[in-house]
Amino acid sequence: MERYKFLYELSKKALDDELDRYKKLDEKASRFLSILSVGIVAYTALINAASPRTLMMDHAGWRTTVFMVLAGLTLTALISAWYRIFATIRLSSVPRVQIGEDVNMLAEEEELITMYYQAALACQKAVSQAQKLLEKKLGNLRVAYNEIQFSTGSMVALLLTYFFLIPPIT
């Protein structure tokens with residue numbers, strides 16, 4: 001019986017660990033969303049400041065084209081990262097051990113050793129479900145992180161283009 005009790009406790013610990021990872025991943029996605037929000041505000045301010053200089057017909061040329069291409073790439077990366085982060089923090093059901101009428105009947109009809117074994121199996125099933133969900137969330141968060149990095153780099157290039165390539169309005 002001690003083996004089954006140990007199996008149950010080990011399975012429950014694994015489930016608790018997966019649920020803790022789930023919570024930490026959502027917290028990290030929230031931090032990424034905060035960073036992304038700052039990036040979107042900075043992008044909007046830059047585009048707002050640059051629009052008079054870039055949309056003037058006499059300033060059109062390769063410099064404006066470079067600026068517009070960088071602006072488009074940055075916007076695409078920001079929108080994609082935003083989508084991925086929201087896909088990560090989207091509300092979903094957290095895997096858990098189902099406790100209901102079946103468990104009550106099991107407690108009344110079976111021995112303690114069988115209950116430990118069934119509870120361990122239920123925890124292992126919930127761990128498996130949690131791991132699949134976490135892998136999907138982690139994949140979205142990794143892509144969002146790369147897109148935030150890319151948008152930061154393209155934002156710096158956009159800023160440099162604004163200051164050094166686009167001539168001021170005279």
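Biologist: At what angle do α2 and helix α4 pack?

Modeller: This is a predicted model. Helix α4 covers residues 112-164. Its axis and the axis of α2 lie 8 Å apart, and the packing angle is about 155°.

Biologist: Are α2 and α4 roughly parallel or roughly antiparallel to each other?

Modeller: The angle between α2 and α4 is about 155°. Angles over 145 degrees count as roughly antiparallel. The pair α2 and α4 is therefore roughly antiparallel.

Biologist: Which handedness does the crossing of α2 and α4 have, and how do the residues of the contact divide?

Modeller: The crossing of α2 and α4 is left-handed. The residues of this contact divide into 20 nonpolar, 7 polar and 4 charged.

Biologist: At roughly what angle do the axes of helix α1 and helix α2 cross?

Modeller: Helix α1 spans residues 2-54 and helix α2 spans residues 62-89. Their axes come within 10 Å, and the crossing angle is roughly 155°.

Biologist: Is α1 roughly parallel or roughly antiparallel to α2, and how many nonpolar residues does the contact of α1 with α2 have?

Modeller: With a cut-off of over 145 degrees for roughly antiparallel, α1 and α2 are therefore roughly antiparallel to each other. The crossing of α1 and α2 is left-handed. Their contact has 6 polar residues and 1 charged residue, and the number of nonpolar residues is 18.

Biologist: Within what distance do the axes of α1 and α4 come?

Modeller: The axes of α1 and α4 cross at roughly 20°. That makes α1 roughly parallel to α4, because angles under 35 degrees fall in that class. The axes of α1 and α4 come within 7 Å.

Biologist: How many charged residues does the contact of α1 with α4 have?

Modeller: The two helices α1 and α4 pass in a left-handed crossing. By class, their contact has 36 nonpolar and 4 polar residues, and the number of charged residues is 8.

Biologist: Is G39 buried or exposed?

Modeller: G39 is found in helix α1. Its relative accessibility is 18%. Buried means under 20%, so G39 counts as buried.

Biologist: With which residues is G39 in contact, leaving aside its neighbours within four places in sequence?

Modeller: G39 and L78 are 39 residues apart in sequence, with a C-alpha to C-alpha distance of 7.8 Å. With sequence neighbours within four places left aside, G39 is in contact with L78 and M155.

Biologist: How far apart in space are S30 and I89, C-alpha to C-alpha?

Modeller: S30 has its place in helix α1. At 37% relative accessibility, S30 counts as partly exposed. S30 and I89 are 59 residues apart in sequence, and their C-alpha to C-alpha distance is 7.6 Å.

Biologist: What pattern does the protein follow along the sequence?

Modeller: The protein has 4 helices and 0 strands. Read along the sequence, the pattern is α-α-α-α.

Biologist: What percentage of the accessible surface belongs to carbon and sulfur atoms?

Modeller: Of the 170 residues of the protein, 29% count as buried. The accessible surface comes to about 11,200 Å², and the share belonging to carbon and sulfur atoms is 63%.

Key
Residues numbered from 1 in each chain as written. Predicted model: local features only at pLDDT ≥ 70, side-chain atom pairs only at ≥ 80, totals over all residues. Heavy atoms only, no water. Axes fitted to C-alpha atoms, helices over the stretch in contact; angles between N-to-C directions. Parallel < 35°, antiparallel > 145°, perpendicular 65-115°, else oblique. Left-handed = near helix turned anticlockwise from the far one by under 90°. Nonpolar A, V, L, I, M, F, W, Y, C, P; charged D, E, K, R; others polar. Buried < 20%, exposed > 50% of the residue type's maximum accessible area, 1.4 Å probe, protein only. Areas by Shrake-Rupley, 256 points an atom, 1.4 Å probe, with all protein chains shown as cover. Contact = heavy atoms within 4.5 Å.
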